[in-house]
Amino acid sequence: MSQPASPAKPIILTGDRPTGPLHLGHFVGSLRNRVSYQDDYQQFIMLADSQALTDNMDDTNKVHRNVVEVALDYMACGIDPAKSTILIQSQIPELAELTFYYLNMVTVARLERNPTVKQEIVLRGFERDIPAGFLTYPASQAADISAFKATIVPVGEDQIPMIEQTNEIVRKFNRLANKEILVECKAVVPEVGRLPGIDGKAKMSKSLGNVINLGASADEIKAAVKMVYTDPLHLKVSDPGHLEGNVAFIYLDAFDTDKASLQEMKDHYVRGGLGDSVVKKRLEAVLQDMLAPIRARREELAKDKGYIMQVLKEGTLRAREVAARTTDEVKAALGLTYF
Ligand code: TRP
């Protein structure tokens with residue numbers, strides 16, 4: 001079947017569980033890409049508060065509070081509500097409705113085999129006491145993605161199994177409906193891999209306490225840089241230093257735009273004769289310069305909560321219209337229209 005040429009931009013869906021303010025790891029892994037997607041794609045950014053509840057039922061307040069915090073982070077980093085649609089998952093009941101139907105198109109065994117779910121169950125220490133909503137969140141994520149007919153889903157490596165399972169559901173549904181109603185999507189994993197924590201652990205993560213938040217104060221940045229893991233073998237200034245696993249240099253690689261002089265510094269460090277304090281001074285300057293305008297915008301935006309809520313409300317309403325159209329199509333295909 002030939003498709004008419006369409007001027008419509010490809011649809012991107014991204015999302016975060018709002019359980020804490022965003023940090024440099026989010027910035028490198030997703031936020032700065034989202035800012036660059038805004039012009040060429042139709043972008044939906046989901047505050048996945050319902051999904052966050054799947055393992056935070058004991059602290060619903062935290063999730064509620066962080067919806068606004070994360071929205072502030074988005075906008076402080078340059079997400080423009082005139083270009084991107086920011087939406088709150090729980091305010092779109094059609095997403096829950098779709099999830100309910102999709103649950104009949106996955107088996108418990110398949111959910112239990114999902115590598116991300118498996119890993120997270122271990123991480124959270126659920127053992128056999130897994131909330132059913134947690135086990136089945138891949139179906140809810142399939143609803144999020146398919147409701148908007150997103151074709152591109154930028155995610156971290158750990159979320160790839162979610163996209164695979166989404167596409168399985170999409171294919172199964174279309175076969176059942178005998179019609180291409182839902183659309184398959186592609187996971188896009190950022191080239192720059194994940195940022196290590198300041199302590200040298202592989203991942204920057206709030207639960208590991210090794211983060212630098214996007215809204216960090218100048219003093220917090222200074223203190224964090226002091227703790228940044230470098231080279232444990234580099235004891236004296238004259239010792240040759242190592243770059244592998246050296247978080248100070250990994251961060252400089254990620255954020256320092258003066259690549260030529262950074263290379264000189266690396267060469268000097270490896271030769272020996274360059275102290276960590278000099279490297280950290282440069283790192284602190286780079287981070288202070290980068291985060292100061294983000295912090296300033298964040299503080300400015302935070303003064304007008306009404307405006308933020310208006311942005312979230314408008315984005316959610318716009319998104320709901322799209323999700324409702326897809327849900328109507330899905331229900332029609334399932335014989336669930338009567339009047
Ligand atoms: N599971 C994602 C996370 O843990 C959040 C999320 C919810 C999401 N729905 C989504 C991501 C849809 C991409 C697409 O951060």
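Predicted model: local features only at pLDDT ≥ 70, side-chain atom pairs only at ≥ 80, totals over all residues.
Figure 1. The ligand is surrounded by Leu13, Gly15, Arg17, Ala48, Gln51, Gln141, Asp144, Ile145, Val153 and Gln159. Sorted by class, this shell holds four nonpolar, four polar and two charged residues. Two elements, strand 1 (11-16) and helix 8 (137-147), each supply at least two residues of the shell. Helix 8 gives the most, with three residues.

**Figure 2. Arg17 and the ring of Tyr137.** Arg17 belongs to the shell around the ligand, and its charged end also sits over the ring of Tyr137. The distance from the charged end of Arg17 to the centre of that ring is 4.6 Å. Tyr137 is in turn part of a cluster with Phe126 and Phe134, linked by ring pairs. The count of aromatic pairs in the model comes to seven.

Figure 3. Ser84 is placed in strand 3 (residues 84-88). Is Ser84 buried or exposed? Ser84 counts as buried because its relative accessibility is 1%, and the cut-off for buried is under 20%. Its side chain makes a polar contact of 3.0 Å with the side chain of Gln38. A polar contact, also 3.0 Å, joins the side chains of Ser84 and Gln43.

**Figure 4. Two loop residues with positive phi.** Most residues other than glycine have a negative phi. Glu127, which is not a glycine, has a positive phi of about 50°. Glu127 lies in the loop between helix 6 (115-123) and helix 7 (132-135). With a relative accessible area of 67%, Glu127 is exposed. Lys149 is a residue other than glycine with a positive phi, near 50°. Where is Lys149 found? Lys149 is in the loop between helix 8 and strand 4 (152-154). At 22% relative accessibility, Lys149 counts as partly exposed, because the range for that class starts where buried, under 20%, ends.

Figure 5. Arg124 is partly exposed, with a relative accessible area of 29%. Along the chain, Arg124 and Asp55 are 69 residues apart.

**Figure 6. Leu235 and Gly275.** Leu235 lies in the loop between helix 10 and helix 11 (247-255). Its relative accessibility is 72%, so Leu235 counts as exposed. Leu235 and Gly275 are 40 residues apart in sequence. From C-alpha to C-alpha, the distance between Leu235 and Gly275 is 8.9 Å.

Figure 7. Lys226 is found in helix 10 (residues 218-227). Is Lys226 buried or exposed? Lys226 counts as exposed because its relative accessibility is 61%, and the cut-off for exposed is over 50%. How many residues separate Lys226 and Asp40 in sequence? Lys226 and Asp40 are 186 residues apart in sequence, and 40 Å apart in space from C-alpha to C-alpha.

Figure 8. Ser30 is a residue of helix 1 (residues 24-37). At 17% relative accessibility, Ser30 counts as buried, because the value falls under 20%. Ser30 and Ile212 are 182 residues apart along the chain. The C-alpha atoms of Ser30 and Ile212 are separated by 15 Å.

Terms used. Residues numbered from 1 in each chain as written. Heavy atoms only, no water. Phe/Tyr/Trp six-rings, centres within 6.5 Å; stacked < 30°, edge-to-face > 60°. Lys NZ or Arg CZ within 6 Å of the ring centre and 35° of its normal. Near = heavy atom within 4 Å. Helix = DSSP H or I, 4+ residues; strand = E, 2+ residues; numbered from the N terminus. Nonpolar A, V, L, I, M, F, W, Y, C, P; charged D, E, K, R; others polar. Buried < 20%, exposed > 50% of the residue type's maximum accessible area, 1.4 Å probe, protein only. Polar contact = N/O pair within 3.5 Å; in protein donor to acceptor, adjacent residues only side chain to side chain.
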